[in-house]
Amino acid sequence: MKKLFLTLSLLAALHAQAAEVPQLQNVLARQTTSLNGPWHYIIDVQEEGYYDYRMNPTRWGFFRNAKPQKPEDLIEYDFDKAAVMQVPGDWNTQDERLFFYEGTVWFMKRFSHQKQQNMRTLLYFGAVNYETYVWVNGHEVCHHIGGFTPFNADVTDQLREGENVVIVKVDNKRKAEAVPTQIFDWWNYGGITRDVLLVEVPDVYIENFKVQLEKADAKAKQREITVNVQLSQPTEGRQLTVNIPELKLSAPLLTDAKGKASASLRVPAKKLTLWSPDNPKRYRVELSLAANAPAAANASASSSAPGSVVGDIVADSIGFRTIEARGKQILLNGQPIFLKGISMHEEKSHGGGRANSTADAHELLSWAKELGCNFVRLAHYPHNEYAVREAERMGIMVWSEIPCYWTIAWTNDGTFKNAQRQLTDMIVRDQNRANVIIWSIANETPHSRERDSFLSRLAQHARSLDQSRLISMAMEVTGASDYLNRLNDNMHQYVDVVSFNQYIGWYRDVNDAPKMRWEIPYDKPAIVSEFGGGAKYGLHGPKNQRWTEEFQENLYIENTAMLDKVEGLCGTTPWILKDFRSPRRVLDGIQDYYNRKGLFSDKGEKKKAFYILQKWYQNK
C-alpha cells in the first residue's frame with residue numbers, strides 16, 4: 001500500500017500543471033532570456049514517449065529526460081545523443097526525413113537560470129504548430145492547441161537555480177475537429193516556429209493594455225485617447241500612470257476589484273499626427289504600475305507573495321488612427337482610401353520554410369511596397385508579431401485572419417472554442433497595432449445554417465473585444481447567371497466589409513471577364529480578397545497557354561479591367577505575393593509541390609503579371 005501511495009504521489013507531482021496563464025502582451029518590451037538556438041529532437045512516430053508512459057507508469061516517458069542509474073537500466077532514448085535543429089524553425093526544411101512528416105517530434109533544451117527576488121518567470125512560446133505539451137524539469141506546465149498564436153506558462157515554481165531542462169512535445173497531425181481542419185492549401189510546417197523566451201515579471205504585472213484613438217468629427221479641436229489596462233491578478237486599488245512624453249500627456253489610473261483600470265487623455269487635434277501609410281507616425285506610450293507596499297510593516301522585502309514591493313513598467317510605440325466603414329467606402333482618419341493590397345503566406349522569401357524573423361518579414365513586405373501596396377492580407381492565420389510590427393513601421397495596413405478555412409466542424413463545440421481562443425489571442429496580441437484595420441474570421445466557407453451560427457458568434461466575439469476595427473471574411477462566389485455575379489451570403493449582416501474570392505481566368509474562362517458584371521446588394525464596402533492564376537517563372541508562350549507568364553499576365557490585364565467596373569470596390573488583395581509550398585500542387589515540372597499563383601517565384605523572381613498589377617495600383 002505504501003509503495004502504491006508513493007507511486008501515485010510521484011505521478012501527481014510529475015503531472016501537476018502550472019496552468020497556462022493568459023497571454024502576456026508586448027513581450028518584446030519585457031526583460032527576457034532567449035531560449036532560441038539549437039534544440040535536441042527525437043522523432044516519435046508512434047508517440048511511445050508519451051502514451052506508453054501514461055498507460056504504464058513504470059516506463060520512462062521522454063518528458064522525464066531519464067538517465068540510466070545502473071548498467072542494467074533500460075531507457076530507450078537519450079536527448080543528449082539526439083540530433084539538433086534550430087529553434088525557431090520548422091522541421092520540414094531542417095531534416096529531409098521530415099519534409100512531408102505529420103506527427104510527433106520531441107524537443108529538449110538545457111538552460112541556466114538564476115531566480116530573481118520578487119519576480120516570477122513565464123515561459124513564452126511565440127507559436128508552436130499544432131498541439132503542444134511542455135514540461136520543465138519533469139513537471140508538466142502547459143498544454144496548448146493552435147499553431148499560430150502565442151502562449152505562456154508561469155514556471156517559477158518548477159525552475160531550479162543553475163541548470164534546467166525544458167522538453168516540448170509537438171504534434172502537427174491534421175484533425176477533422178481542428179482549426180484549420182484536415183484539408184488546407186498550404187504547407188503544414190511542424191515545429192517550434194517562433195521565439196521561445198523566459199520572461200521575468202513582478203508578482204503582479206501589467207498583463208494586457210489597449211491604447212486607442214476614439215472617433216471624432218473631422219472638425220473636432222480635441223481628440224480623445226482611451227487607455228484600458230488589465231493586471232495579472234484581480235487586485236483592487238493599485239495605482240498606475242500612463243505617459244505619452246512627446247504629447248506631454250499623463251494620467252493616473254486606479255484598478256478595480258477585477259484588476260482593471262481605465263483613463264481618458266485629451267489632446268489638441270492639431271498636435272496629434274495620425275498614423276497613415278504616407279506617414280506611419282508612432283508615439284512612445286509608457287505604463288507604470290506603482291510599487292505596492294507590503295501588507296505588514298515587518299514584511300520582508302524579498303517576499304514573492306501578493307503585496308510585493310515591486311512595481312511594473314512597460315512601453316510600446318503606438319500609432320493613432322481611426323478606421324471605419326461608411327456606405328460603400330472605407331475611411332482612414334475620416335478620408336476615403338483604396339486598399340492596394342496583396343495576399344501573402346508566412347513563408348521565407350527564397351525557397352520556402354516558415355518565416356520567423358523581422359528580416360524575413362521586411363523582405364516580403366518590401367516586395368509588396370515595390371508592387372505599390374499600402375495593404376496586405378496576412379493569410380490564412382495570424383502571422384508572426386514581427387511581421388505585423390514591421391508592416392506598421394513601413395506604413396502597410398493589415399488584414400489579420402484566423403484559419404477557419406473551408407469545411408470546419410461547425411457543430412463541434414470544441415472546434416468553436418478553439419477558433420474563439422485563436423481569435424482572442426490574435427486580437428489581444430495586436431490590438432495596439434495601428435496598421436491592423438481588419439479582423440477576418442474565415443476564408444471560403446461553404447454556406448450552411450451551422451456555418452452561419454458558428455461564424456456569426458465569432459464576429460460578435462471579435463466586436464466584444466475590439467470595436468475600433470472592421471470585421472470581414474473572405475466569402476465565396478458560387479457562380480454566375482448570364483454573366484451576372486450577385487454576392488449572396490447571410491454573413492453580410494455580421495461584417496463591416498464584404499469580401500469575396502473570385503478566379504475568373506483560372507477556374508473560369510478568362511474570356512468571360514470582359515462580359516462579367518458584379519452586383520453587391522449591400523450598402524457596405526467591398527474587397528476582392530482573392531483573384532489570380534498560376535504561372536511558372538521563366539515559362540513563356542502564347543497568352544492562352546496555361547502556366548506561362550503570358551497567360552498569367554493576360555489574366556491580370558482582363559481582371560483589373562473588369563474590377564474597375566465593380567461598384568463600391570474599395571480594395572483588392574490578389575492571390576498571391578510569392579509562390580508557396582502546398583502538398584495539393586503535384587504537377588511534375590510545373591508545380592512540384594508549389595502553388596504557382598505568386599507574382600514572385602519561390603526564389604524571388606518577378607513574373608510579368610507583377611508589372612500589370614503595379615501599373616494598375618499606380619493609377620488608383
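The model is predicted. Two pairs of helices are described: helix 7 with helix 8, and helix 3 with helix 4. Two cis peptide bonds follow, one between asparagine 129 and tyrosine 130 and one between alanine 379 and histidine 380.

**Helix packing**

- Two packed helices are described by the angle between their axes and the distance between the axes.
- Helix 7 covers residues 549–563 and helix 8 covers residues 608–618; their axes are 7 Å apart, at an angle of about 20 degrees.
- Because angles under 35 degrees count as roughly parallel, helix 7 is roughly parallel to helix 8.
- Helix 7 and helix 8 cross in a right-handed sense.
- Helix 3 (residues 358–371) and helix 4 (residues 385–394) cross at roughly 45 degrees, and their axes come within 9 Å.
- Helix 3 and helix 4 are therefore oblique to each other.
- The crossing of helix 3 and helix 4 is right-handed.

**Surface patch**

- Phe100, Val586 and Tyr593 make up a nonpolar patch on the surface.
- Together, these three residues have about 280 Å² of accessible area.
- Valine 586 belongs to the loop that runs between strand 32 (580–581) and strand 33 (594–595).
- The relative accessible area of valine 586 is 49%, so this residue is partly exposed.

**Cis peptide bonds**

- The peptide bond between asparagine 129 and tyrosine 130 is cis, with omega about 15 degrees.
- Tyrosine 130 sits in the loop between strand 6 (119–125) and strand 7 (131–136).
- The peptide bond between alanine 379 and histidine 380 is also cis, with omega about -20 degrees.
- Histidine 380 is found in the loop between strand 23 (375–378) and helix 4.

**Positive phi angles**

- Asparagine 26 is not a glycine, yet its phi is positive, at about 55 degrees.
- The loop between strand 1 (20–21) and strand 2 (31–34) contains asparagine 26.
- Asparagine 26 counts as buried because its relative accessibility is 5%, and buried means under 20%.
- Glutamate 444, a residue other than glycine, has a positive phi near 45 degrees.
- Glutamate 444 lies in the loop between strand 25 (436–443) and helix 6 (449–465).
- With a relative accessibility of 14%, glutamate 444 counts as buried.

Key
Residues numbered from 1 in each chain as written. Predicted model: local features only at pLDDT ≥ 70, side-chain atom pairs only at ≥ 80, totals over all residues. Heavy atoms only, no water. Patch = residues over 30% accessible without salt bridge, like charges linked within 9 Å, V, L, I, M, F, W, Y side chains within 5 Å. Areas by Shrake-Rupley, 256 points an atom, 1.4 Å probe, with all protein chains shown as cover. Salt bridge = Lys/Arg side-chain N within 4 Å of Asp/Glu carboxyl O. Helix = DSSP H or I, 4+ residues; strand = E, 2+ residues; numbered from the N terminus. Buried < 20%, exposed > 50% of the residue type's maximum accessible area, 1.4 Å probe, protein only. Axes fitted to C-alpha atoms, helices over the stretch in contact; angles between N-to-C directions. Parallel < 35°, antiparallel > 145°, perpendicular 65-115°, else oblique. Left-handed = near helix turned anticlockwise from the far one by under 90°.
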